[in-house]
Amino acid sequence: MLLTISTTHQPTTDLGFLLHKHPDKLQSIELSMGKVQIFYPEASKAKTTVALVLDIDPIALVRGNRNLAGKSFALGQYVNDRPYVASSFMSVAIAKAFSTAMNGHCKKRPDLVSLALPLEVNISVLPAPKGGEILIRKLFEPLGYEVNLERHVLDEEFPAWGESRYFTVSLKNTIPLHLLLSHLYVLIPALDNDKHYYVSQNEIDKLLAKGKSWLPNHPEKEQIISRYLIHLSAFTKQALMRLNEDETKEEVEEPVAATSKKGTLHQQRLALVVEQLKATGAKSVLDLGCGEGKLIRRLLKHKQFEKIVGMDVAYSELLKCKERLHWEEMAPRQKARIELLQGALTYQDKRLSGFDAAALVEVIEHLDENRLPAFERVIFEFAQPKTIILTTPNAEYNVRFEQLKANTMRHRDHRFEWTRKGFETWATNLAKKYNYTVSFLPIGEFDAEVGAPSQMAIFNYGN
Ligand code: SAH
């Protein structure tokens with residue numbers, strides 16, 4: 001069974017650093033059911049490819065009394081597809097061969113870990129159950145993969161036997177390597193009906209550890225979890241519950257008390273963002289963490305904004321955004337002004353370069369505080385739009401929300417909420433570090449004691 005991962009990222013040698021595997025060496029790892037060999041069939045300036053060959057030992061499988069295909073008939077234990085397909089064994093092999101990379105560690109080059117790289121995976125044989133092609137697409141496409149597949153016939157000599165459930169698959173995506181590995185780790189066994197493992201608590205832990213950053217927002221998360229856990233409903237329910245506990249509910253809902261004659265606090269906030277963006281004369285605007293696209297819909301009304309790019313980490317939000325925009329019925333000229341991207345603000349991303357302005361409306365408080373430095377570099381150092389408009393709640397105002405219990409945050413997905421002083425200190429230091437100037441505006445009804453409910457920073461590059 002062969003799996004390859006290629007990149008054209010420059011320099012291509014970075015792949016070796018990330019995988020902790022030297023391109024000139026052939027490495028072998030013994031597993032209980034066979035052997036994994038890792039080598040580089042290609043390591044040129046233009047492209048590097050690493051190959052993982054999994055050599056399953058069918059005898060070892062039987063001895064290990066593994067749960068394998070065809071075990072209902074005597075020879076089925078020896079004659080089955082296991083040695084030839086990407087199955088749950090492949091996940092074991094990936095986890096063993098690339099564990100450091102999958103866990104997002106790279107001592108020598110930590111800067112590479114969260115870098116989005118152009119990656120292509122080729123899986124020589126992937127078994128998929130009923131609904132094969134559609135299912136493969138449903139699992140990978142929401143994560144941003146371009147999927148190409150070729151389905152194999154059962155036997156070329158006997159075309160009448162029809163098609164098999166086996167596919168050769170190519171997957172392309174621009175994402176950090178550790179994410180790609182965790183996608184493969186979860187989705188390959190989810191596609192395969194014959195898993196070698198016995199589902200236990202341990203398997204739920206592994207699934208949640210590898211999937212926590214992307215499964216909550218996957219539109220097929222129920223199916224993935226249930227398939228991964230061999231349709232054991234008690235385990236599936238438990239896994240879903242645990243996943244939902246951390247799930248980010250991504251709507252901006254403000255306590256009612258913040259609503260005034262000028263509309264809800266969020267409406268006031270969005271109106272102020274549009275006003276400020278208009279004043280900068282920006283023609284191209286990024287809406288980062290666009291959610292369901294409330295700001296995009298407002299920006300569209302102004303011809304000044306010729307190019308509007310929305311980005312969000314949650315595919316489900318982008319789907320909602322398309323729906324709210326009535327994407328399918330939209331006039332081509334309007335459509336041409338908009339682009340929606342799936343991506344995370346903590347990963348450097350070339351698609352974000354060259355814009356006049358960026359808006360981040362109620363987004364930063366959803367990022368873990370320890371990821372803020374990564375976010376800061378991605379936006380202020382690499383994307384570097386001329387203007388950045390950023391809003392976040394003012395924590396001091398929370399005492400004015402009667403429904404809000406003392407010392408709680410406004411939203412269960414908020415990782416922090418800053419006071420005015422906290423926000424201003426952070427933003428001022430940030431501006432200084434990346435050659436921006438910054439000014440501040442209150443959002444919503446101003447309260448003499450605790451300030452306004454929300455706050456805005458406006459950054460301008462280099463003046
Ligand atoms: N800006 C929108 C939505 C704010 S809610 C509005 O004002 O209505 C916060 C949004 O940030 C969510 O849609 C969430 O999916 C997105 N988000 C959270 N973490 C993110 C990350 N790391 N990268 C990109 N988007 C993220």
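**Notebook: cavity and ligand shell**

I sorted the lining of the second largest cavity and got four nonpolar residues, three polar and no charged. Nonpolar here means Ala, Val, Leu, Ile, Met, Phe, Trp, Tyr, Cys and Pro; charged means Asp, Glu, Lys and Arg; the others, Gly among them, are polar.

The model is predicted, with local features needing pLDDT of at least 70 and side-chain atom pairs pLDDT 80 or more, while totals for chains, interfaces and linings use all residues. Numbering runs from 1 along each chain as its sequence is written, and side-chain values use heavy atoms, without hydrogens and water.

I searched the whole structure and found two cavities of 30 Å³ or more. A cavity is a set of points on a 1 Å grid over the protein atoms alone where a 1.4 Å probe fits but cannot get out; lining residues have an atom within 4 Å of a point. Points join across faces, edges and corners, and volume is the space filled by probe spheres set on them. I listed its lining: Leu18, Ala101, Gly104, His105, Val113, Leu177 and His178.

Next, the ligand. I found 18 residues around it, of which His266, Gly289, Asp312, Leu345 and Val361 come nearest (near: a heavy atom within 4 Å). The shell divides into nine nonpolar, five polar and four charged.

I then checked polar contacts (pairs of N or O atoms within 3.5 Å). A side-chain N or O atom of His266 is 3.1 Å from a ligand oxygen. The protein covers 94% of the 570 Å² of accessible area that the ligand has on its own (Shrake-Rupley, 1.4 Å probe).

Methods:
On a 1 Å grid over the protein atoms alone, a cavity is a set of points where a 1.4 Å probe fits but cannot get out, and a pocket is an open set with protein on both sides within 12 Å along at least five of seven lines; lining residues have an atom within 4 Å of a point. A polar contact is a pair of N or O atoms within 3.5 Å; within protein, one must be able to donate a hydrogen and the other to accept it, and residues adjacent in sequence count only if both atoms are side-chain atoms.
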